[in-house]
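Biologist: Hi! Could you walk me through this one with me?

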Amino acid sequence: MTSRERVLAALNHQEPDRVPIDLGGMRSTGIMAIAYNRLKKRLAMRGDDAHVYDVVQQLAQPEESILRFAQADVVDLGRAFRTDPEDWQDWTLPDGSGAKLPAGVKLRREPEGHYLDAEDGTVIGAMPKGALYLSQ
């Protein structure tokens, strides 16, 4: 079966040849950037630092090589956006591993936590130090 046939069969309550696999096809099936970097290291797979498309949840956009390895049947349509290197900026994850954030994101670290700023500098989001996945 093709991935499309597999997913459609499952959605239609029919038995596919195997369970469809979804790795990051939507935010609920995503993988956190730290875990993603560790998975790539464990598998000895090279490539870019994790591209964090969901900054709040710190979800990585899996690369094609990882999707092939996982035999993923579903992909996020958001992959069609931010396809150029200048669409991303360097960032360091709490475990010290590298990541890329969307270029327009204004995320800053302060001793008391992390802040997400609007273009004019207005704080539009904050996570205090010790928050589950941003703590150092």
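Biologist: Is Lys40 buried or exposed?
Modeller: Lys40 counts as buried, because its relative accessibility is 5%; buried means under 20% relative accessible area, exposed over 50% and partly exposed in between, with a 1.4 Å probe and protein chains only. This is a predicted model, where local features need pLDDT of at least 70, side-chain atom pairs count only at pLDDT 80 or more, and totals for chains, interfaces and linings use all residues. Residues are numbered from 1 along each chain as its sequence is written, and side-chain values use heavy atoms, leaving out hydrogens and water.

Biologist: Where is Lys40 found?
Modeller: In helix α2; helices (H or I, at least four residues) and strands (E, at least two) are DSSP runs, numbered from the N terminus.

Biologist: And what is Lys40 in contact with?
Modeller: Leaving aside neighbours within four places in sequence, Met45, Arg46, Gly47, Asp48, Glu63 and Ile66. Contact means heavy atoms within 4.5 Å.

Biologist: New topic: how many residues has the largest nonpolar core?
Modeller: That core has 18 residues, and Val52 and Tyr36 are among those with the most contacts inside it. Such a core is a set of buried Ala, Val, Leu, Ile, Met, Phe, Trp, Tyr and Cys residues joined through side-chain atoms within 4.5 Å.

Biologist: Which element gives the most to this core?
Modeller: α2, with 3 residues.

Biologist: What about confidence, the mean pLDDT of the chain?
Modeller: The mean is 88, with 95% of residues at 70 or more; pLDDT is the predictor's confidence in each residue, from 0 to 100. Over residues 132–136 the pLDDT is below 50.
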